[in-house]
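Dear colleague,

Please find below the structure that I am handing over to you.

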Amino acid sequence: MPDLLVIKSCFLSCLLVLLQTSSSQQDEQSQLLLVSFDGFRWDYVNRVPTPNFRALMDEGVQVEQVENTYITKTYPNHYTLVTGLHAETHGIVANEMYDPIHNLTFSMEGSEVYDAWWWEEAVPLWVTNQKAGRKSGAAMWPGSDVAIGGTYPTHYLSYNASMTFETRVEKLIDWFSGPEAINFGVLYWEEPDESGHNLGPESPLMDVVIADIDEKLGFLRGKLRTAGLYDKVNLIVTSDHGMTQLSHDKIIELDTYVSRDLYTWIDKSPVVGILPKEGKLEEVYNSLKNANPNMVVYKKEEIPDHYHYRHNVRIMPLIIEVKEGWTIMQNRNGSFMLGNHGYNNSLPSMHPLFVARGPAFRCDYTKASMRSVDLYPLMCSILGLKPLPNNGSLSSVQDLLVETSTPKPVVPPVPREPSCAWAVGSVLGAALVIGFLFIFVQQVTQRQHLPLHLSNSEITQPLL
Ligand code: AMP
Ligand code: ZN
Ligand code: ZN
């Protein structure tokens, strides 16, 4: 009997060690924080001293030109960053939309933002992360306070533009800490977009705004350090688009060319979605097509393939794209901004910043260009998640990561690289099986030498 107790306790303690090993392996999952400073143009970092952005570039990677997706607006591009899909595929085709099937409109300022079906042509990364048994945290990222496919991020904040950057960061740091830590977080901040619209990107007053964003990044770095997360969490800092300067002498007035009775305009400058009234498409199109050299009018089916902006019912039958720096209004009574974005995504002024650092990233490495759709497979690779079908390509951005020569297969929820804890677990597992077999054989051999009455009673005992 004592021998059997030894076997039992040996087996149980080995089991315990194995369980502990596998839970510490969970703890070693890659962690990733994706930060977006709305409207942070790629070259803003060169205007004023930005020591915190510079530090990230030195410690990690930067990409000089990131081609975002058409149209270069906030909602479409933020959803692209977390799905790897162009707007025509993920369905958030503009900040203001009309869905002819549901006969409903969407405005980023309206409550319909919370109607999940608008978002459900795609699955954002936080949902995929959670489906793989991990935890996500979201501080105000567009769509992150919506139950997409019935799932909220594990931790999230309802959108509140008045919540300070510092509070958002503190929430994320909490979520990244402790035994129930998230492994994926997203953080959104409204600036410098808002100031870029109000002041115009060329205003010297923007220098102060950019310096302030750098300080905010410094705050985030400091908090990560204090929490012991700085060298653990992979940090990506990017944006949805850039910004360009507007002027009062570059205004196109639609009323000059076509009567308002013939159409509804859905999304506004600089890419206007036009929904002609029943039977009026040709009339509206003919009125607009050669009306002004600073705009191009496309019938939906003529939108160039490389825009990736055609195959969705939420894209209107006609779109008008104006040249960089031009504003399109119905007449001059509307409100006028000094800066805007939404222009063609091939324009450098529309391109966002991209810097990243952390254990997954190379050090002091500059890459010339990437597409924002490539970020999704890159993040999946860091997180060890199998990407859903997407428009991006991991191989185009693999060079940003360490170990470019031997890419690891990504299958959730196994970590990207076999860890030390996993090796220890395997050795202990093998030892357990061998030890168990050894003791078992010993027992059987001993039993053959026992008196019959004892031997019978032991045979009736279960081994465990
Ligand atoms: P845009 O002009 O396309 O850059 O839109 C930027 C604006 O989008 C911000 O100034 C916010 O007012 C708004 N915004 C961003 N995220 C959200 C959100 N999750 N919910 C509602 N509005 C948002
Ligand atoms: Zn934006
Ligand atoms: Zn904006």
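In this predicted model, Leu32 has Phe184 in β7 as its bridge partner. Strand β1 (residues 31-37) and strand β7 (residues 184-189) pair in the parallel sense, over six bridges; two strands pair if DSSP finds at least two bridges between them. Helices (H or I, at least four residues) and strands (E, at least two) are DSSP runs, numbered from the N terminus.

Residues are numbered from 1 along each chain as its sequence is written, and chains are lettered from A and ligands numbered from 1 in the order in which they are written. Local features need pLDDT of at least 70 and side-chain atom pairs count only at pLDDT 80 or more, while totals for chains, interfaces and linings use all residues.

The sheet is open and has eight strands, in the order β6-β5-β7-β1-β8-β17-β2-β18, with mixed pairing. Its edge strands, β6 (155-157) and β18 (365-371), each pair on one side only. From one strand to the next, the twist averages 15°.

Helix α2 packs on this sheet, where it touches β2 (61-67), β8 (233-238) and β17 (354-357). The direction of α2 makes about 60° with that of β17. Angles run from 0 to 180 degrees between N-to-C directions, and axes are lines fitted to C-alpha atoms, for helices over the stretch in contact. Helix α10 (residues 375-383) lies across β1, β7 and β8, and runs at about 150° to β1.

Which residues of α2 are buried? They are Asn52, Phe53 and Leu56; a residue is buried if 20 or more other C-beta atoms lie within 10 Å of its own, exposed if 12 or fewer, and partly exposed in between, with C-beta atoms placed from the backbone. Seen down the axis of α2, the buried residues fall within an arc of 105°, so they line one face of the helix; the arc is that of the directions from the helix axis to the C-beta atoms. The face turned away from the buried side carries the exposed residues Pro51 and Asp58. The cover over the buried residues of α2 includes α8, β8 and β17.

The axes of α2 (residues 51-59) and α8 (residues 206-226) come within 7 Å and cross at roughly 55°. Pro51, Asn52 and Phe53 in α2 meet Asp214, Leu217, Gly218 and Arg221 in α8; residues are in contact if their C-beta atoms, placed from the backbone, lie within 7 Å.

Yours sincerely

How values were computed
Two residues are in contact if their C-beta atoms, placed from the backbone, lie within 7 Å.
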